[in-house]
Amino acid sequence: MCSAGYRSTEETISAILPSYLMYTSTVGLNLDTAVQIQNPDREPPRYTRNWTGNNLDFGNLVSPQSSLSQFASPSSEYATASPGIASPGSYENLYEGNDAHHTQDTLLDNIHRLPRTAHSENRISDSLKLEIHFTKDIGEINKKPEFVDPSSYEYKRGDTINGYLLIKNTTPQPIQYEMFVVQFEGIFMVTDPKNHDSKEPVRLHKFLDIFEFFASWTEANVNRLPSDSYDAHACPKMFDPLDGCYTTLSSKRQLEPNLTYKRFFTFKIPNSLLDSECNAHGLSRHIALPPSIGKANDRNINSPFELSESFDDFALPNASNYYGISARFIGRKNKLEERFGAIDIPTTTKELKNANCDQFVVFQELTSCIRLVNNSYIPTDDERSMKMIENRIILNNLILRIKQKIDTGIELVQSIEGLEYDINIDMTKYFTDSELELQKLRQLYKAQTNRSLKTDPNYEAVIPVIKKHLTGGYKHLGAFKVTTPKTTYCMAYIPPEKYRHFPINNLAKTWHLEVPVNISYLCTNSTSSSHYAPHNLIKSITAEFVTLTIKSPKYPIPLEFNHDLIYDDPHNTSTDDPLKHNFIKPFRSYSLELYELLGVLGKQNFRVEKQLVEDIKSIVQLLYKTTDLHVCNIKINGESFNKHTIRWSETGAGLVGASIVVGLNLESLSVKHLLSLPESLKAYNRFNFVPDFQTCYMSRLYHIRLNFTLVNGDVAHIRVPVNIQKL
């Protein structure tokens with residue numbers, strides 16, 4: 001129960017709706033510095049409805065040459081697909097918003113593209129000092145703070161991040177700036193896949209961006225606390241008696257010589273991302289806050305707290321999701337050069353100029369990374385089943401849309417060959433963009449019959465039992481079948497040791513799983529040797545805990561992946577690389593068919609929605625990595641495996657079967673195939689399994705693979721899904 005004096009963040013911090021002037025001087029500031037800054041008395045714009053169609057860009061879908069080269073030499077760890085990734089050091093494709101329909105012109109949308117003076121020899125970055133301090137409570141003037149170390153804390157939704165920034169101009173002259181922005185950011189970053197030590201991002205996607213109006217400089221006067229009553233612009237030298245730091249920034253947008261400024265900030269972590277984060281597809285799981293994963297290996301991050309983790313989270317080596325509090329001073333290059341000398345701008349960022357050949361530069365910045373792992377939403381069994389059906393419908397309808405487009409192209413080609421050009425060749429020209437979108441929606445919500453949605457209640461594997469002869473021949477002896485009920489097993493998320501501030505005994509109990517399995521052997525040859533008798537048939541039973549990380553380097557993924565969607569394909573009996581066989585290869589085949597039709601018909605006669613093209617590109621260019629960890633100390637019916645632990649029973653007609661329970665202790669995971677592991681080497685002390693998640697650009701899934709090795713060396717595999725949940 002809260003005390004009578006307790007006040008929530010909403011009650012303590014004022015809520016504001018920024019005016020047009022405040023918006024255009026901060027969040028809405030355009031890259032055109034001449035228009036935005038030299039005309040401060042600009043009027044608000046008049047908004048009119050302007051409907052524009054999507055330009056089609058089909059030429060770069062997948063050419064036969066580039067498509068085939070993507071899998072010419074796939075890596076054993078993750079597929080190598082280079083199309084769509086900019087070369088390291090190039091900002092040409094840094095944001096996926098470079099396409100005409102995605103381009104953002106505001107300064108904050110392009111802040112990571114701005115040149116940094118820290119990368120040049122100019123002295124201004126060394127002359128301006130920035131420090132960030134985190135506090136337990138909301139900062140107030142003349143109130144002694146209680147400091148906290150964010151590098152030892154794991155944040156979640158609803159948590160409040162409090163603190164303040166110290167800014168000191170160490171030069172004998174004032175420093176002019178155009179913007180000072182403080183933000184809480186969530187960023188998906190891709191670095192050079194050929195150089196894992198590279199700190200130059202080839203792609204950045206900001207999926208979370210919260211602007212702190214109170215800490216940042218704005219043209220309007222904003223009182224941060226209900227108790228504040230002063231005008232910061234009228235009294236620009238308000239200071240904190242505790243340390244003498246000035247708490248206001250002057251309306252002149254300059255830092256006075258040898259003065260230290262203090263700016264308080266407070267961020268509340270939201271429950272989810274904005275719906276606009278998945279505008280293209282509207283997938284619910286894509287707007288959940290993803291966990292921190294991978295290493296924020298960006299050279300523009302100058303964090304006082306080093307997140308040098310000693311654990312392995314099995315992220316892709318060149319991709320990461322990270323969160324951080326960022327403070328940046330942005331100035332105009334020409335003005336800064338007047339006082340601090342020439343600023344050398346990298347050639348890759350010189351295009352960000354206005355008509356007067358001036359441009360914005362970041363001349364000082366500080367980012368403090370934090371670790372965020374959100375609490376998991378635990379669906380009911382019905383909700384989980386409905387979501388699986390929904391995912392299957394979305395995939396089927398995406399394939400249906402592609403096939404219908406291919407069929408349309410084939411009909412057009414046949415019309416040409418049948419001399420029906422005038423009647424048929426122009427029919428796709430008359431599809432307006434709204435009609436194409438309506439057709440897409442009709443297909444998405446096309447009614448599905450119950451029969452088409454029926455699924456098998458079990459995961460199963462069937463392999464023939466074959467006796468191989470030394471002379472090269474073989475003899476069919478029967479069939480071996482393994483089944484287990486379709487169940488999603490759940491484990492509790494356990495944070496790394498440095499983030500644990502509570503007992504984990506109850507959480508660790510969920511790492512002990514029992515999987516019921518039915519095995520059967522149908523013997524079709526009564527003369528087979530005792531070597532292939534049921535009690536001698538199974539040589540070993542092993543298990544692996546498998547992590548799967550999926551990444552799209554450029555385009556949003558149009559699907560929500562789940563275990564059955566990837567692994568439970570009745571048309572694919574291959575056990576190797578199911579993501580490649582079930583998704584990448586088929587969609588590459590579709591893309592080649594469309595590409596060939598485009599070559600015959602031309603862009604004007606063969607129209608394809610831009611979104612459909614990007615959806616195909618996204619799946620074709622997927623990168624992924626799987627990691628198999630061996631489960632030690634496996635038990636069969638509570639005992640170590642031997643031929644007597646399985647009690648076979650005859651059911652007639654040459655069929656024998658048995659029911660077993662496979663006991664899995666996931667605390668005992670090893671990268672090597674060990675039969676046992678010391679109790680002291682707990683998996684959650686060596687590895688970090690973040691809760692399974694999905695975004696538009698990255699996914700993480702888990703499953704357990706059970707392996708039944710027969711005496712002839714053949715192996716039957718079954719996979720059961722595992723969800724890791726933060727409770």
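This is a predicted model: local features need pLDDT of at least 70, side-chain atom pairs count only at pLDDT 80 or more; totals for chains, interfaces and linings use all residues.

Let us begin with the aromatic side chains, whose rings form 24 aromatic pairs. One of these is made by Phe184 and Tyr323, which are stacked, with 6.1 Å from centre to centre and 25 degrees between the planes. Where do these two partners sit? Phe184 belongs to strand β5 (residues 179-191) and Tyr323 to strand β9 (residues 319-332), so their pairing ties together parts that are 139 residues apart in sequence. Phe184 and Tyr323 are both buried.

Now look for Phe265 and Phe267. The centres of their rings are 5.9 Å apart and the planes meet at 40 degrees, so this pair counts as tilted; the limit for a stacked pair is under 30 degrees, and an edge-to-face pair needs over 60. Like the previous two residues, Phe265 and Phe267 are buried. Ring pairs can also join up into a group: Phe314, Trp511, Phe545, Tyr684, Phe687, Phe689 and Tyr702 are linked into a cluster in this way.

Next, find helix α15, which spans residues 610-620. How many of its residues are buried? Eleven of the eleven are, so the helix is largely enclosed by the rest of the structure. Among these buried residues are Leu612, Val613, Ile616, Ile619 and Val620, and the list also includes Lys610, Glu614, Asp615 and Lys617.

The phi angle of Asn142 is near 65 degrees, a positive value in a residue other than glycine. Arg253, in the loop between β6 (201-211) and β7 (254-255), also is not a glycine and has a positive phi, of about 55 degrees. Is Arg253 buried or exposed? With a relative accessible area of 18%, Arg253 is buried, because the cut-off for that class is under 20%.

Finally, turn to the surface, where Asp407, Glu411, Glu593 and Glu596 gather in a patch of negative charge. Which helices contribute to the patch? Helix α7 (381-417) and helix α14 (578-601) each supply at least two of its residues. Asp407 is found in helix α7, and its relative accessible area of 42% makes it partly exposed.

Note on methods: Residues are numbered from 1 along each chain as its sequence is written. Side-chain values use heavy atoms; hydrogens and water are left out. Patches are made of residues with over 30% relative accessible area and no salt bridge: like charges are joined within 9 Å, nonpolar side chains (Val, Leu, Ile, Met, Phe, Trp, Tyr) within 5 Å. Accessible areas come from the Shrake-Rupley method with a 1.4 Å probe; for residues, only the protein chains shown count as cover. A salt bridge is a side-chain nitrogen of Lys or Arg within 4 Å of a carboxyl oxygen of Asp or Glu. Lys and Arg count as positive and Asp and Glu as negative; His and the chain ends are not counted. The place of a charge is taken as NZ of Lys, CZ of Arg, CG of Asp or CD of Glu. Helices (H or I, at least four residues) and strands (E, at least two) are DSSP runs, numbered from the N terminus. Buried means under 20% relative accessible area, exposed over 50%, partly exposed in between (1.4 Å probe, protein chains only). Rings of Phe, Tyr and Trp (its six-membered ring) pair if their centres lie within 6.5 Å; planes under 30 degrees apart count as stacked, over 60 as edge-to-face and the rest as tilted.
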